[in-house]
Amino acid sequence: RKELTMAINIYSDDVIARAINKSPTVKEKACEEIKQNLASYSENTSQLKPGQMLRGTTQIITRLIRDKVWSIFGHGVELTNRLYETFIFKHPVPNKELVISVEKILKELLARGCDTTERVMDKAEATIETMLQNKKLSGLGIMQELLSEPLSSAKSSSPKMALVKAELMQY
């Protein structure tokens, strides 16, 4: 609950509770509402600043990306794409908030890039590739930094993580 504080402030306690519900059907409906709210956001009519919207959306995206259900993971990826392909270009988001957001989402996507299910690995890697090709995100330098940092035994002893990072460095 604490890690979702900003998401709750933005999307409501009810929507976030449904987004982390055990039932995939309930989660999917909540995801659709989150997508609609993100798409209809306007800093002119909202009391929330774009940076707050980014932070709250990042909080729920990280939970969705971690989800073991394919369709919910897919909603997390779709929200990630909407956030980084549309939202950050339409709204003045502070670079500091953007760096924090990219760092959190990229770490989750890298972890899913080591998944044992091939379609999850492929989708996670494709999403990271899209992020790497985004001019606004690549200009921050955080993605290249995270991809090139050495693996520690505490974080991941997975040879797969090293392989995923090496493959992504070419972008």
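Student: Is Phe 73 buried or exposed, and what is its relative accessible area?

Tutor: In this predicted model, Phe 73 is buried, with a relative accessible area of 1%; the cut-off for that class is under 20%. Its aromatic partner is Trp 70: the two ring centres lie 5.9 Å apart and the planes stand at 40°, so the pair counts as tilted. Trp 70 and Phe 73 both belong to helix 5, and because they are three residues apart there, about one helical turn separates them. Trp 70 itself is partly exposed, at a relative accessible area of 27%.

A search of the whole structure finds two aromatic pairs. The other joins Tyr 41 and Phe 87, whose ring centres are 5.5 Å apart with planes at 50°, so this pair is tilted as well. Tyr 41 sits in the loop between helix 3 (24-40) and helix 4 (50-66), whereas Phe 87 lies in helix 5 (residues 70-90); the pair therefore ties together parts that are 46 residues apart in sequence. Both Tyr 41 and Phe 87 are buried.

The axes of helix 6 (residues 95-112) and helix 7 (residues 118-133) come within 8 Å and cross at roughly 150°, which makes the two helices roughly antiparallel. Their crossing is left-handed. Among the residues that meet are Val 102, Leu 106 and Arg 112 in helix 6, and Ala 124, Thr 127 and Ile 128 in helix 7. The residues of this contact divide into nine nonpolar, one polar and one charged.

Key. Residues are numbered from 1 along each chain as its sequence is written. This is a predicted model: local features need pLDDT of at least 70, side-chain atom pairs count only at pLDDT 80 or more; totals for chains, interfaces and linings use all residues. Side-chain values use heavy atoms; hydrogens and water are left out. Axes are lines fitted to C-alpha atoms, for helices over the stretch in contact, and angles run from 0 to 180 degrees between N-to-C directions. Helices (H or I, at least four residues) and strands (E, at least two) are DSSP runs, numbered from the N terminus. Angles under 35 degrees count as roughly parallel, over 145 as roughly antiparallel, 65 to 115 as roughly perpendicular and the rest as oblique. A crossing is left-handed if the near helix is turned anticlockwise from the far one by less than a right angle, and right-handed if clockwise. Contact means heavy atoms within 4.5 Å. Ala, Val, Leu, Ile, Met, Phe, Trp, Tyr, Cys and Pro count as nonpolar, Asp, Glu, Lys and Arg as charged, and the others, Gly among them, as polar. Rings of Phe, Tyr and Trp (its six-membered ring) pair if their centres lie within 6.5 Å; planes under 30 degrees apart count as stacked, over 60 as edge-to-face and the rest as tilted. Buried means under 20% relative accessible area, exposed over 50%, partly exposed in between (1.4 Å probe, protein chains only).
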